[in-house]
Amino acid sequence: LLNIWAEAAGKGITVPMSPGYQKISPLHVTDVVRGITGIMDSHDAPNFQSAGKQKAFSLSASDPISLRDLADVFREATGLDLRIEWGALPYRHGEVMDPEIPFPTLPDWAPERSLRAGISEVFRPR
C-alpha cells in the first residue's frame with residue numbers, strides 16, 4: 001500500500017480507497033527480523049515452552065492504526081502530496097476492521113523503529 005501511495009503521489013494521481021477505517025499493525029522489517037532471531041535464540045527458554053510444547057507469540061505494533069491515520073503519518077513523514085478518495089471503493093467482503101491478535105507479544109520484545117521513522121527512511125524524497 002505504501003508503495004502504491006508513493007508512486008501515486010509522485011505522479012499526482014488520486015488513489016481510490018475504501019472508507020479507510022480498518023486497522024492494521026505495520027512493523028519495520030528490522031523489528032520483525034529482531035523478533036524472529038530472538039525466538040530462534042531463546043526457543044528452549046522456560047517462557048517459550050509450556051508442558052513441553054512450544055508456545056505461540058505475536059510480533060505487532062503496540063497500537064493498530066487505521067488506514068486514514070496511516071495516510072496522515074505517510075504525508076507527514078514523506079512530505080509528499082498524497083491524494084486519496086476515501087470511500088471510492090467498498091470494503092471487501094469479510095474485511096477485518098480491527099484484527100485481534102490471539103497470541104501474547106513475544107517476551108522482552110517491542111518495536112524499536114517508529115512508523116514515522118520507517119516511512120521517512122524508505123519513502124522520503126532525496
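Asp108 counts as exposed because its relative accessibility is 82%, where exposed means over 50% relative accessible area, buried under 20% and partly exposed in between, with a 1.4 Å probe and protein chains only. This is a predicted model, in which local features need pLDDT of at least 70 and side-chain atom pairs count only at pLDDT 80 or more, while totals for chains, interfaces and linings use all residues. Residues are numbered from 1 along each chain as its sequence is written, and side-chain values use heavy atoms, with hydrogens and water left out.

**Asp108**
- Asp108 lies in the loop between strand 6 (83-85) and helix 4, where helices (H or I, at least four residues) and strands (E, at least two) are DSSP runs numbered from the N terminus.
- The phi angle of Asp108 is near 60°, which is a positive value in a residue other than glycine.

**The largest nonpolar core**
- A nonpolar core is a set of buried Ala, Val, Leu, Ile, Met, Phe, Trp, Tyr and Cys residues joined through side-chain atoms within 4.5 Å.
- The largest such core has 18 residues, of which Trp5, Met17, Leu70, Phe74, Leu82, Ile84 and Ile119 touch the most other members.
- Helix 1 (2-11), helix 3 (67-78) and helix 4 each give two or more residues to this core, and helix 3 provides the largest share, six residues.
- In soluble globular proteins, nonpolar side chains tend to be buried together.

**Contacts of Ile84**
- Leaving aside neighbours within four places in sequence, Ile84 is in contact with Trp5, Thr14, Val15, Met17, Ala71 and Arg75, where contact means heavy atoms within 4.5 Å.
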